[in-house]
Amino acid sequence: MRASRADPRVFTLSQHSDNPVIDAFFALHRGLLRQGPGSDASTRHLLRLAGPLPSRPRILDAGCGPGGSALVLAAEADADLIAVDLHQPFLDELDAEARRRGLADRIRTLNCSMDQLPFPDGHFTVIWAESSVYNIGFDRALRIWRRLLGPDGVLVVTEAEWTTATPSPEARAFWEGQYELRTADRNTAAADAAGYDVAARHPLPEADWWDSYYTPLAARCDAADTGQPGMAEAVAMTRAEIAMRAEHGGDYGYTGYVLRPRREG
């Protein structure tokens, strides 16, 4: 996933925007359960790395999108989960799917910003952010979410990062000005500086980019009506993003971080 300037994933939005390209991006993504690299298998694996958890843990899914992770977490951890996003249609999709799966009593959706969370200190057992932390930045997320974790709480985030010290000029140009990628060593150092111990790391497999994200998204591009306002631009940018992954995917990836706040003293 790229954080393009015209990509809705880097904007603070409610239901509509004044930009037809952004609206077209949302149209391309409508109905997709994943809005970035990931899979149910990786969510479950990260949940195992984060455990063991107490009975009925309180989980916050920050930047939940339509709920690919939230639905797994609520079911697998038997959790009380609050799913936060700014795009109301995603929350509506999550509510509908939670009802369909019999999880409506475990998932509550809330339309609010990831960096303005209206919860008291120590409220959550787990804070979860798959393919969303870039919206406010890795360092800032670690800083402002720390207060929300209770004793023995855990923060699980996935972050895009360089997987080589010498990425190609094409990959560097693609990400430049969009989002600052760092290596795993630098992200680990940033977590340490923010007061966390890295309990585990999980590089997402290549299938997580394609099976539930790029392959269905490419099919949406093929079927899109490029005569609609903004759609031709959205399709072109999405196809460029997918082509970049296919050609230079060895240069960057997504990694799941399981982080535990360091105890004082």
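The model is predicted, so local features need pLDDT of at least 70 and side-chain atom pairs count only at pLDDT 80 or more, while totals for chains, interfaces and linings use all residues. Residues are numbered from 1 along each chain as its sequence is written, and side-chain values use heavy atoms, with hydrogens and water left out.Start with the nonpolar cores, meaning sets of buried Ala, Val, Leu, Ile, Met, Phe, Trp, Tyr and Cys residues joined through side-chain atoms within 4.5 Å. Buried here is under 20% relative accessible area, exposed is over 50%, and partly exposed is in between (1.4 Å probe, protein chains only). The largest core holds 53 residues, and L60, L117, I127, W145, L155, W175 and Y252 have the most contacts inside it. Another core, apart from that one, has 24 residues, including L47, V126, V156 and A200.

Then there is D61, which sits in strand 1 (residues 58-62); strands are DSSP runs of E, at least two residues, numbered from the N terminus. Leaving aside residues up to four places away in sequence, D61 touches S69, A70, L81, I82, A83, V84 and W128 (heavy atoms within 4.5 Å).

Strand 7 (residues 252-261) has eight of its ten residues buried, so it is largely enclosed by the rest of the structure. Strand 7 runs antiparallel to strand 5 (residues 149-162), joined by eight bridges, with W162 opposite Y252. Strand 6 (residues 196-203) is also antiparallel to strand 7, through seven bridges, and there Y196 faces P261. Pairing takes at least two DSSP bridges between two strands.

Technical notes: Helices (H or I, at least four residues) and strands (E, at least two) are DSSP runs, numbered from the N terminus.
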